[in-house]
Amino acid sequence: MSLRTIDKIREFELSCSLIVLLGYFKIFLQCILSFVESNAGYVAVLGKPNVGKSTLANQMIGQKLSIVTDKPQTTRHRILGICSGPDYQMILYDTPGVIEKKMHKLDSMMMKNVRSASLNADCVLVLVDASKLPEKIDEVLEEGVGHLKYKVPTLLVMNKKDIIKPGEIAKKLQWYENFTEADDVIPVSAKYGYGIQDVKDWILSKLPVGPAYYPKDIVSEHPERFFVAEIIREKIFMKYRSEVPYACQVNVVSYKSRPTAKDFIQVEIVVEKNSQKIILIGKEGKALKLLATAARLDIEDFLQKKVYLEVEVKVKENWRQDEGLLQRYGYGGQIRAL
């Protein structure tokens, strides 16, 4: 073997050693950075139905995690979204809207989730619809944080400022500053992202100093199957009217990853009445097929892979009043993989 060949082999071995060392250094650096103190904490997003809580949470996280439709009361679970930066981590609870009149056991359990989310929060955002007449937020705070409403930093977020005149914004902002117990008031447009950075800056000023709770590269602790169910439920709200969407529960029965084929997802949609099942399925199954196709496309976009989606509709009478079923469906505050 010539000296020139030996030198090339040595150069190659040296290059490989440097690559390995750089890899170890990168891992070491990531470990160090994970322990570097920054601002990190929990944020509860409260408000009455249809004021834009989900839209705000999605904007802050930078991608869609919560259902967004024009119908009120579409969020049922606490959607834990994680918004991270080099020196901060905000963990958002996008809670169900505060319900004035509880009609089912489901509603009571959802309100329990609201209270639980807020009691664990380092600060609270209360959203109001700026396009409507100003109103006090006592009820929202009472349901959300109870006796802690004087201790948890609270920001009142005036959403939908894009649809009212600047002069009206100033008047309503002054009213909320004078007649509510919020520490600060910020007008925003969650739909278009106006004012979102101001909200983030306020949150950062309230979060405690400490290490991140989660890896910086994830945006939620929920499993993929949870978001699959939420996507399907969103499509139900978009495609059906009246009571039908509110009577639906979506469960992912089976999720199988297949390396050589499309992932297989089996879903059941639970309703309370046979008449609701008939509406969901439609004549000759056409309505359900349209629903499944629209949901599959969004699921594939979310997962960034092709899937085979199988959907079945089942009837379980008065499931919204059955505490055992509600616990199984994850309304006890914990998300379970069914």
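## Salt bridges and cysteines: a selection tour

Start by selecting Asp-263, which counts as buried at 5% relative accessibility. The classes used here are buried under 20% relative accessible area, exposed over 50%, and partly exposed in between, with a 1.4 Å probe and protein chains only.

This is a predicted model, in which local features need pLDDT of at least 70 and side-chain atom pairs count only at pLDDT 80 or more, while totals for chains, interfaces and linings use all residues. Residues are numbered from 1 along each chain as its sequence is written, and side-chain values use heavy atoms, with hydrogens and water left out.

**Stop 1: Lys-305.** Helices (H or I, at least four residues) and strands (E, at least two) are DSSP runs, numbered from the N terminus. Lys-305 is partly exposed, at 32% relative accessibility. A salt bridge here is a side-chain nitrogen of Lys or Arg within 4 Å of a carboxyl oxygen of Asp or Glu. Side chains of opposite charge can pair when their charged atoms come close. By this rule the model has 11 salt bridges.

**Stop 2: Lys-306.** Move to Lys-306, which is exposed at 54% relative accessibility. Its salt bridge to Glu-300 has the closest N and O atoms 3.8 Å apart. Glu-300 is buried, with a relative accessible area of 8%.

**Stop 3: helix H7.** Select residues 224-239, helix H7, which holds both Arg-233 and Glu-230, three residues apart, or about one turn of the helix. Their side chains form a salt bridge at 3.3 Å, N to O. Arg-233 is buried, with a relative accessible area of 2%, and Glu-230 is buried too, at 7%.

**Stop 4: cysteines.** Select Cys-83, buried at 4% relative accessibility, and Cys-248, buried at 0%. The structure has zero disulfides, a disulfide being a pair of cysteine sulfur atoms within 2.5 Å.

**Stop 5: confidence.** Colour by pLDDT, the predictor's confidence in each residue, from 0 to 100. The protein chain averages 80, and 71% of the residues score at least 70. Finish at residues 334-338, where pLDDT stays under 50 and the model has 13 contacts beyond four places in sequence, a contact being heavy atoms within 4.5 Å.
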